[in-house]
Amino acid sequence: MTQKQQTRFEEIVQRFVELKDTSELMMDLAYSSLLLNSKELAEEVQKLEEYMDKAHTNFELQVLSSKFKKEEAKGFLGLIRLGVVTEKIADAAAEIAEVVLRGIEPHPVLKLAIKEAEETVTYVHVTENSPLANKTLREVGIPEETGMWVLAIRRDGKCVRPKPESKIEVGDVLIASGYAEGEEDLKKLASP
Amino acid sequence: MHLRFEKIEYKPIPVRELLLEIKNLSELMIDLAYSAALFNDKELAEDILELEIRVDTLAYLLELEILVAARDVEDAQALTGVSQVASAADKISDAAADIAAIVTQNIGVHPIVSEIFEKVEERLTRAKVSETSILVDKSIGELDLVARMGVDIIAIRRNKDWIINPKEMEQIKGNDCLIARGASLGIKKFKELSEGKKQKLED
């Protein structure tokens, strides 16, 4: 395989991983929207779903335009199908978010099931005495401390998708996912 | 292709329990399915197809519970949401089965894809347990890797069998192949522990 081909493969796989990550983020955000009965989060999921449609098309075009040999074609069919699956997961996430957008308070059993699940989503309020306040996400290293990932920050009724350099402010609501075991640790960090 | 339907007998199970198991299984299946596709593992893929049938059964039982529970329009309005979420989780498990089918139908994923994927995906890993690893002969509950490093062992391959979603008392043996998911730092540590490169659970 030539260097050029190798780079092209890497690009394709990177794109696939992006599809996979986005579809999983959407699932987490969709369950979060139910837990919080949050329309903003549900709308965020719908926006991501539109983005996924485009990203998925671009991914397929890229695979199709990478001139691979006949005997390699089968391996790429597998990759294309993996792409289709991420799209299906994204659709399912959008359906979950729809429940919130309908405007009826989600049934309490949904919140219970989300809270008790092995992988859960949760939200915490950042109080004044929190060591997280006025620091960036990179500085505080929440995944290392708690095993939870910050999916979104809710500030003044708006949801922001966090970047490593995003600053955490007092009054923020951090929406995070991870194993239920990390929830307590995150709560202690955000509102000691 | 032949369709298989489990013979389902109605038994009352709380909606919460059904929903919880559907959610847990569907997410577990996705992670297992990506592993099966990337490591081209047929047995694991077949187990995922079995799990998919289980989720279908659970989803059907849940639908029955929901229909039985609705007494008036208000109930029905609240419960359609539950039904929709369960159906979405069921679709996620179908998606996992689609991934598994890539393996069982011998389509496969190009080996170079797996190679690159392992470099960029930091959430899923496969590790072989060395005889000298400190994980050997310890139970999942005793190790408590989830609390310790945010790593969850989702499947164990022992000889030719897969133990899916192993329970607390399950002991890890030398030469086991473990599939785990978690945060990237924990995953790194977990790999070193399995391979015997690191001999202490705590830093």
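Into which domains is chain A divided? In this predicted model, where local features need pLDDT of at least 70, side-chain atom pairs count only at pLDDT 80 or more, while totals for chains, interfaces and linings use all residues. Residues are numbered from 1 along each chain as its sequence is written, with chains lettered from A and ligands numbered from 1 in the order in which they are written.

Chain A splits into domain 1 (3–101) and domain 2 (117–190), with bounds taken from an automatic or database domain assignment. Their C-alpha centres sit 25 Å apart. Contact here (C-beta atoms, placed from the backbone, within 7 Å) takes in 10 residues of domain 1 and 8 residues of domain 2.

Over to the chain pair: 41 residues of chain A and 39 residues of chain B make up the contact. H3(A) gives the most to the chain A side, with 16 residues.

Chain A has 4 strands in an open, antiparallel sheet, ordered E1-E4-E2-E3, where pairing takes at least two DSSP bridges between two strands. Strands E1 (119–125) and E3 (158–160) of chain A each have a single partner strand, so one side of each lacks a neighbour in the sheet. E1(A) and E4(A) pair over 7 bridges, and A:Glu119 stands opposite A:Tyr179 in E4(A).

Definitions and conventions: Two residues are in contact if their C-beta atoms, placed from the backbone, lie within 7 Å. Helices (H or I, at least four residues) and strands (E, at least two) are DSSP runs, numbered from the N terminus.
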